[in-house]
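Here is a short tour of a few local features, meant to be read with the model open beside you.

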Amino acid sequence: MFGKSIRTRLVIGFMLVMLPVVIYMLINNSNSRDIVREKVAETYRNTLDIYVGQTDHNLAEINDYLYKMSVLDSDIGLLMSFPIDSDGYTLTKIRIDAKLNRDVGVYNLIDAVFLYHKDDIIFGTDSVYDETKKIIKTHMDSMTTEQALAMNDQRTWDVRRDERMPGRYFLINFIKVSEGLYVGAIVKVEDINGMLTIQWSDGDIGHNGIFLREGNRLLQPLTETFEPVEQYDQISNKLYESVKDERTGQDYLIMNRTSGMADIAYRVIIPEETLLRNLIFFRNATLIAPVGFVALLLIYLVFMRNMLFKPLHELILGMKKISLGMLDVRLRKHKTIEFEFLSNTFNVMAEQIKTLKIDVYEEQLRVKQGELKQLQAQINPHFYMNSLNIIYNLAALNDTDTVKKMSLHLADYFRFIMKANRDTISLKEELSHIDNYITIQQIRFPGKLECVYEGLEPFHSYPIAALSIQPFVENAIIHGFKNRRQLFRISITAQERDDVGFLLTISDNGTGFSPEVLHKLVHNEPLEQGESSSLGITNVIHRLRLLYGEHASITFGNRLEAGGAVIEMIFPKAAEGGKAIV
């Protein structure tokens with residue numbers, strides 16, 4: 001049903017036309033992003049390779065410098081030939097100290113170059129003199145043990161940590177000159193990272209840092225590194241690794257490069273938006289394009305709504321109202337010739353249907369009213385002959401008091417019959433009429449009949465169909481009271497049913513319905529004319545259907561234990577104004 005709508009098909013058609021264009025733009029933008037990412041990442045990787053290569057080259061040059069110093073420098077070779085307290089040792093130490101301070105200025109990467117002996121340390125540095133001396137003493141003492149010397153290859157720089165060192169981490173390497181004498185140098189990791197930061201200005205291009213590594217796994221950062229993504233400790237041989245930060249949803253490119261001179265690795269993290277900053281316009285245009293298409297579609301739909309959808313909707317709504325019986329609906333005129341013709345034709349047809357339905361309804365109403373009066377008239381003759389017979393017998397017995405009483409109740413009874421041409425009466429009026437009838441029957445059968453009411457007071461004002469209860473009381477006396485010596489009791493009770501109305505039950509202790517009659521009553525089958533006062537029961541059922549339709553119901557049954565008939569009637573709830581819901 002939804003797919004057959006004109007509006008739906010127009011929208012789907014528009015989307016089918018625009019969808020290939022949007023898909024092409026998205027694919028083109030994606031390919032452009034991939035190409036730019038590859039090229040820019042390759043450029044950054046080359047820059048990082050050049051920097052790492054240059055840094056390793058500088059460390060290798062420092063190693064060559066230390067080696068040449070240990071072999072070619074005559075002062076270093078002569079130093080240990082003098083006693084430490086001698087003047088020759090002091091003069092040689094002064095010359096070596098001057099050379100070391102000079103060389104520190106030549107090699108910008110070096111923080112300190114030193115000549116270490118367990119009894120003396122000669123060094124040059126750009127840092128705090130006393131702190132540097134303590135650092136050299138502490139670490140060289142531990143690195144020149146026999147076990148440590150056995151693991152030193154004199155080429156690889158060791159990564160060391162000392163809280164006294166700015167940045168805490170530094171690289172140190174040394175070469176043995178003679179027994180107990182070593183020449184070495186210290187490079188601060190902070191200085192190496194400072195030059196790396198120049199290549200990647202933090203917060204502009206990307207984020208950089210230096211890490212301690214073990215094989216292809218990063219162990220810990222050696223610099224105060226800002227990691228925009230969670231720790232990713234694997235070193236890959238790929239050009240770059242693409243990682244998404246789960247916290248911010250940002251995409252980053254991670255590039256790692258290991259050093260050949262120390263167990264360290266250089267890492268650069270670049271936001272993808274930095275790589276693709278030149279494509280922002282095209283990316284935004286691609287993302288905004290579907291929004292533009294949707295806006296265009298909305299404008300198109302607004303135009304089509306006023307021109308086509310709205311008149312169609314009004315026409316369909318008018319047809320639905322007509323089908324529901326709302327015959328006063330009329331369509332307004334439209335600007336288009338086609339819909340103006342449809343509106344005029346619809347209005348004419350609606351007026352014709354309304355006129356025809358009113359005529360049919362009035363005719364049906366006249367038929368129903370005539371049928372209702374006919375049915376009410378059919379109920380009256382049942383009681384005529386019995387009443388006259390009772391009066392005759394009482395007059396024959398000269399029981400004038402009883403004749404008077406009988407006449408009064410009979411007069412009230414017939415007065416009610418003559419006024420019972422109304423569609424509905426109150427339950428109290430119906431019960432008063434039943435009282436008259438029961439009194440007349442009690443005069444006929446003294447001491448053998450009683451009628452009990454229970455729970456009826458709350459429903460006295462409920463409107464019910466006239467003569468809808470009395471025929472069942474009459475039927476009970478006629479058929480359930482046959483050949484009985486004990487007291488015959490009729491019970492009329494009522495109880496409320498939520499949101500429905502109230503349930504009225506008529507029961508007796510007589511013989512009950514015969515199986516054949518009960519079967520026909522339960523299955524709504526027609527009764528034979530002479531069977532169980534079929535005319536009275538059939539008339540009541542018919543009248544209730546005419547007045548209430550499906551809002552009222554009657555069920556028939558027999559009491560299993562005590563015996564007797566049971567009739568349950570549900571009357572609809574009274575609406576505002578005192579009329580029953582019909």
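Lys176 is partly exposed, with a relative accessibility of 37%. Please keep in mind that this is a predicted model. The side chain of Lys176 meets that of Glu179 in a salt bridge, with 3.3 Å from N to O. Glu179 itself counts as exposed, at 67% relative accessibility. Elsewhere, salt bridges with shared partners link Asp73, Asp75, Arg95 and Lys99 into one network.

How many salt bridges does the count come to? The count comes to 15. As a general point, side chains of opposite charge can pair when their charged atoms come close. Three of these pairs are set out below, including the one just described.

| Pair | N to O distance | Relative accessibility |
|---|---|---|
| Arg102 and Asp103 | 3.1 Å | Arg102 51%, Asp103 8% |
| Arg164 and Asp162 | 2.9 Å | Arg164 35%, Asp162 8% |
| Lys176 and Glu179 | 3.3 Å | Lys176 37%, Glu179 67% |

It is worth looking at both ends of each pair. In the salt bridge between Arg164 and Asp162, Arg164 is partly exposed and Asp162 is buried.

Now to the backbone. Most residues other than glycine have a negative phi. Asn398 has a positive phi, near 60°, and is not a glycine. Asn398 lies in the loop that runs between α10 (381–396) and α11 (400–419). Leu467, also not a glycine, has a positive phi of about 55°. Its place is the loop between β13 (463–465) and α13 (470–480).

Is Leu467 buried or exposed? Leu467 has a relative accessible area of 1%, so it is buried, the cut-off being under 20%. Asn398, by contrast, is exposed, with a relative accessible area of 65%.

Nine of the eleven residues of α13 are buried, so the helix is largely enclosed by the rest of the structure. To follow this on screen, pick out Gln470, Pro471, Phe472, Val473, Glu474, Asn475, Ala476, Ile477 and Gly480, which are buried in α13.

Key. Residues numbered from 1 in each chain as written. Predicted model: local features only at pLDDT ≥ 70, side-chain atom pairs only at ≥ 80, totals over all residues. Heavy atoms only, no water. Helix = DSSP H or I, 4+ residues; strand = E, 2+ residues; numbered from the N terminus. Buried < 20%, exposed > 50% of the residue type's maximum accessible area, 1.4 Å probe, protein only. Salt bridge = Lys/Arg side-chain N within 4 Å of Asp/Glu carboxyl O.
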